[in-house]
Amino acid sequence: MKAKLTEEYMVEKAAINWLKELGYSYIHGSELSPENEERESYRHVVLKRRFVQAIKRINPWLTDELAEEVYKKIVELEHPDFVVKGKIFYDFLTNGVKLIFKDGREEKTKIVKIVDFENPENNEFLAANQFTVEYQYEKDKHRRPDLVIFINGLPLAVFEFKSFNANETAKDAFNDHKIKMKDIPQLYAYAQVLVASDGFETKYGSPTSDWDRFFVWEGIFSDDDVKVEEIEEGHFRYFFKGEELTSLEILLKGLFRKNHFLEFLEDFILYEKSGEAYEKKIAMFHQFYTVRKAVERTKKCILEGKKPEEKRIGVVWHTQGTGKSLTMLFYARKVLKTKEFENPLLLFITDRRNLDEQLYNLFSFMPIVKRARSIKELQELIKTQAGGIIFATIQKFGKKKEEEYPFLTDRKNIIVVADEAHRSQYRELARNLRRAIPNASFMGFTATPIELQDRDTYLVFGEPISVYSMDKARMHKVVVPIYYEARLPELHLTNEFIDEEFEEISEFMSPEEKETLKRKFAKLERLILNPERLSKIAEDIVEHFNKRCQEIKGKAMIVTISRKAAVKLYEEIIKQLNAPSVAVVISGNKSKDPKEFWPHLRNKKELEELLNNFKNPKRDPKMVIVVDMLLTGFNVPCLHTMYFDKPMKNHSLVQAIARVNRVFKDKPGGLIVDYIGIADDLRKSLSRYTIETIREVLTDINEVLSLLKEKYDIVSSFFSGLDYKEWKKLPPEKLSKLTAKAYNRIADEEKKRAFVKNFVALKKLYLLASPHPETIAIRDDIRFFEMIKKMVVKYSTTRIREISRDLEYEINQLISRSISAEKPIDIFELLKKEKPDVSILDYNFLKQFKEMEYKNYAADLLLKIINDELRVRMKRNPFRYEPLYEMLKKLIEKYNVRLITAADVIEELIEIAKEIKKKQEEGKKLNLTEEELAFYDLLSSREKIFENYEEIKAVAKKIVKELGYYVRLADWNRKEYLRAKIKIALKNALIKVIDARISYREVDKIASEILIHAERMYT
């Protein structure tokens, strides 16, 4: 096959070849048809014949009758909810299908495995491109995903591709998935992984994920074996063992390697219960490889380790917001089913009750999970529980005075997993546990950077297993950057706390230490509760948040020093004009707490409802006030701003601010607003970290403002000397002239590309810094630049890839109407018309382009109109319009390199438009439809074999009539028997008219030409 610059050749065929290298079989999707007895109908997506063969191979005891029963259970997934339907199938996939049947007189229950996860080669791996699926709710309409991967006849992965050299990107491929999901949901109910790729960029996700939860895959055998080189922002090169690979090749050879894909399907997908619904989650590449490495290290510790230092599994450092809790769950599930561990016991330790509860809730769907509520219960569980998972807080390993912690068991297959393993308390824990469980293996997880002072972490838990840092997470768009802004500096209380260690009151402290800490807090709390200070902060929060929400939709959290401060601040906020909906989230007890706290104290169900509403971007409250609750392990992706009026330092601060780093649609970043002085001296607030780490964690908003000014100067320089500042006051006709004039300034392609790239960067910075006064000052200018950018995109015939790619990541889903509502002035306004129903080929319409003052704008606009018109006509009738299309392409080439002026381009375009209209009118005079005219034009090139043009007309009409039935059938052009039938019908239509004027061989040749054009026109 000759090399072609097409999606099919460069991406689809390449993917198929890589899958073949991995041992997959390949078949063209058109072969997987009901006619070939591969499946029951085009609406069915499970390949019945292959599925039945596979399950009988894996389960040799299955009869044909029982195999049919299993097949029915798999294809009849009856549930109205798409996610639940997917969960039902996933349970079948991983746990097998339960069968109850009679064996003679005896009733038996057996589990039928539909995939052999232990023996990859006992399964059939099949790749099929252009697999036809009939719409679920409409007859004779079909969709064809670019590539589907079947295991044992089950469609478990679906791919959509775009070409390297096309204007469309991986996100367009993702959008194709979303369209097809609406039309053929029955395919996507089985799909566990979706892939979207343009060859250059490749991402994968689950059918329920939005684009912001589609991930990159970087690793062939490990999370650190691919070297990544950033060419420019968002553009990367990948190297494996010195060889450059594409992102698609890495994904296929990493995730879709047979044993990897089976392992991913079995162990790295979770349906998490959220209220009454389920949320499907799949692992990122770093989670997959981390768990695999951790399991191997665990084997070494349990099976070979004898000394304490040989029982240290290691530390996993995955930065905040990158799925640490899920990684822990995936690890636990995998360890529990590892046969060599002989039913192990995992002990998950946290240092806070709310963390313990959150983790327990995540794991609680497993029946083998227990939560120790007292020291006695914990010790009893460790002594008596055979295997499974126990959750406990670190405090349950404390001891009274000089008492020794008791010996509990000498089992080897106990694994202690410590969350937030950097904390100093774990040193004490390790000592006590070594006495209690001397043969246990230790492993630590942390989401905050481990710096030099934390070297003890490695001494307790072992060397790093995996590091997924903040900069890597940002590069992969797994988290967003965090910026900070100090407000009302005159109210900061920096001197009162910056040198103090305000850690939580701990059970390990002596009564004297507790009392000292309480006194320090009481003094600071009095200063924070100053009524005048609170009033000013409340007023500023409301004003700041409302302005920020004008630019970027989302929610906010306020962090205060105490419950009393939270309640008082709430009372001040609700007094403000236009105060957003706000709630206080604190713990307490009505029998002990003052009455002013009571309205804010909730039972478990009420709190759950409030927090679910807060997580939902469409519901109230828009803002919550907290003290300690929600500052760790609580994910609200739409949270974009946190207001701090509480002293926090080091790990506690890093954990808290990470609430705003979650990805949500096109959220550009999270903002920390400081009212107390945390940021006044970041070196002291984050004293445990190096300067480089501090910069990774938090960026000063002033740095953003500095970049904003720089980008604003670059963008505004494109329109130097143009008076656009007062554009909002102009009437439509004057505004249309102004925008055309501005467009004229960026006429050539290089300028357009530079303008769009710089404007997209400017807009991101603008949103990050909003509502800083400096952003408010340029808001109208941003809206004007936005209009010009939209014109560039709308009227460009050569959609430069760089522009297209930049626009893909443009902030567009969250920005408010204040920026995005302005649309480019319509051409009809510019031509002083009120959108009349006029043909674009009308001479009077075209003539006005010649009279337009701004020739570059007029030329680009007319080029776009004529180009779009010809492309549509070319698909249906190239015989009539190809000469004009070639003429247009040459004209575009000359114009792009400025070998011809804009005025001359307009003249030539008008001539081309006249020719299009002329050819259109000729068709109308013949009284033929557009389809009939196309075949008439094809046959006219062979006019010598016809006696007159009436004969040609008659044959053209007959051809369209004959084709009418066949072209409605699925894959008609890919089925040889249908093509043969069509060709016979076409030859008969020709022979009836031309009789014996030409040889049968010549008739066959003409029929083949007609068939080729029918394929182009109808598929």
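Residues 24 or more positions apart account for 72% of the contacts in the protein with a separation of 6 or more, a contact being heavy atoms within 4.5 Å. The model is predicted: local features need pLDDT of at least 70, side-chain atom pairs count only at pLDDT 80 or more, and totals for chains, interfaces and linings use all residues. Numbering runs from 1 along each chain as its sequence is written, and side-chain values use heavy atoms, with hydrogens and water left out.

The protein holds 39 helices and 29 strands. Helices (H or I, at least four residues) and strands (E, at least two) are DSSP runs, numbered from the N terminus. Of the 1019 residues, 56% count as buried. Buried means under 20% relative accessible area, exposed over 50%, and partly exposed in between, with a 1.4 Å probe and protein chains only.

Strand β27 spans residues 639-645 and includes Asp645. Asp645 counts as buried because its relative accessibility is 2%. The side chain of Asp645 makes a polar contact of 2.7 Å with the side chain of Arg533. A polar contact is a pair of N or O atoms within 3.5 Å; within protein, one must be able to donate a hydrogen and the other to accept it, and residues adjacent in sequence count only if both atoms are side-chain atoms. With neighbours within four places in sequence left aside, Asp645 is in contact with Ile528, Arg533, Ile537, Val559, Thr560, Ile561, Tyr675 and Ile676.

Asp937 is buried, at a relative accessible area of 12%. Its side chain and that of Arg880 are joined by a polar contact of 2.6 Å. Asn877, Phe879 and Arg880 are touched by Asp937, not counting residues up to four places away in sequence. Asp937 and Ala956 are 19 residues apart in sequence, and their C-alpha atoms are 8.9 Å apart in space.

Leu408 lies in the loop between β19 (388-393) and β20 (414-419). At 8% relative accessibility, Leu408 is buried. Leu408 is in contact with Gln379, Ile382, Lys383 and Ala436, leaving aside neighbours within four places in sequence. Between Leu408 and Thr384 the separation is 24 residues in sequence and 9.4 Å in space, C-alpha to C-alpha.

The axes of α25 (residues 732-745) and α33 (residues 855-876) come within 7 Å and cross at roughly 90 degrees. Axes are lines fitted to C-alpha atoms, for helices over the stretch in contact, and angles run from 0 to 180 degrees between N-to-C directions. Helix α25 is therefore roughly perpendicular to α33. Angles of 65 to 115 degrees count as roughly perpendicular, under 35 as roughly parallel, over 145 as roughly antiparallel, and the rest as oblique. Helix α25 contributes Ala740, Tyr743 and Asn744 to the contact, and α33 contributes Lys855, Asn856, Tyr857 and Asp860. The residues of this contact divide into three nonpolar, two polar and two charged. Here Ala, Val, Leu, Ile, Met, Phe, Trp, Tyr, Cys and Pro count as nonpolar, Asp, Glu, Lys and Arg as charged, and the others, Gly among them, as polar.

Most residues other than glycine have a negative phi, and most peptide bonds are trans. A cis peptide bond joins Asp620 and Pro621, with omega about 5 degrees. Pro621 falls in the loop between α20 (604-615) and β26 (623-626). The bond from Ser770 to Pro771 is also cis, with omega near 5 degrees. Pro771 is in the loop between α26 (749-769) and α27 (773-777).

Asp140 is not a glycine, yet its phi is positive, at about 60 degrees. Asp140 occupies the loop between β5 (133-134) and β6 (142-143). This residue is exposed, at a relative accessible area of 52%. Asn927, likewise a residue other than glycine, has a positive phi near 60 degrees. The loop between α35 (902-925) and α36 (930-940) contains Asn927. Asn927 is exposed, with a relative accessible area of 60%.

A search of the whole structure for disulfides (cysteine sulfur atoms paired within 2.5 Å) finds zero. Cys301 is buried at 5% relative accessible area, and Cys549 is partly exposed at 24%.
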